[in-house]
Amino acid sequence: MHESSVEFLRCVRCGSRLELEVFTYDLEIEKGIFECQKCKLTFPIIEKIPILWDDFSEYLSSCKILGGKLYQLSNTGKMKNFLKYSLSKTKNQ
Ligand SMILES: [Zn+2]
């Protein structure tokens, strides 16, 4: 995603501004993590796509293969930890 669109994004839960941490950047943000400073909701940016989902674990529950794939693609400890945590909370395990 392009950096210019970051300022328009808001937390889907509380509507606050999001703090962005960029992990990889090549003309646009490829991987990163958004964190809401107010309610601590976290959103990943994976392969340039921001996944603004209220409950990322629930999102992964409906698509476990995606979770594993994302985990393989992630190259930073923080992203891996985030995915691992999200995966650990998925239902139907
Ligand atoms: Zn929030």
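Where does Glu-47 lie? Glu-47 sits in the loop between E3 and strand E4 (49–50), where helices (H or I, at least four residues) and strands (E, at least two) are DSSP runs numbered from the N terminus.

Some ground rules before going on. This is a predicted model, where local features need pLDDT of at least 70, side-chain atom pairs count only at pLDDT 80 or more, and totals for chains, interfaces and linings use all residues. Residues are numbered from 1 along each chain as its sequence is written.

As for confidence, pLDDT is the predictor's own confidence in each residue, from 0 to 100. The protein chain has a mean pLDDT of 87, with 98% of its residues at 70 or more. Among the elements, E2 has the highest mean (94) and H1 the lowest (80).

**The E3–E4 loop**

Back to that loop: Lys-48 lies in it too. A residue counts as buried if 20 or more other C-beta atoms (placed from the backbone) lie within 10 Å of its own, exposed if 12 or fewer, and partly exposed in between. Here is how the two look:

**Helix H3**

H3 covers residues 77–88, so 12 residues, and spans 16 Å from its first C-alpha to its last, close to the expected 16 Å (1.5 Å times one less than its number of residues). Its buried residues are Met-79, Phe-82, Leu-83 and Ser-86. They are on the same side of H3 because they cover an arc of only 95° around the axis, taken from the directions from the helix axis to the C-beta atoms. Gly-77, Asn-81, Tyr-85 and Ser-88 are exposed, on the face turned away from that buried side.

What do the buried residues of H3 pack against? Their partners are strands E1 (18–26), E2 (28–36) and E3 (42–46), plus helices H1 (56–61) and H2 (64–73); contact here puts C-beta atoms, placed from the backbone, within 7 Å.

**The core**

A nonpolar core is a set of buried Ala, Val, Leu, Ile, Met, Phe, Trp, Tyr and Cys residues joined through C-beta atoms within 7 Å. The largest one has 13 residues, and Ile-33, Phe-34, Ile-45, Met-79, Phe-82 and Leu-83 touch the most other members. E2, E3 and H3 each supply at least two of its residues. Leaving out residues up to four places away in sequence, Ile-45 touches Met-1, Ile-29, Lys-31, Gly-32, Phe-34 and Pro-50.

Conventions
Two residues are in contact if their C-beta atoms, placed from the backbone, lie within 7 Å.
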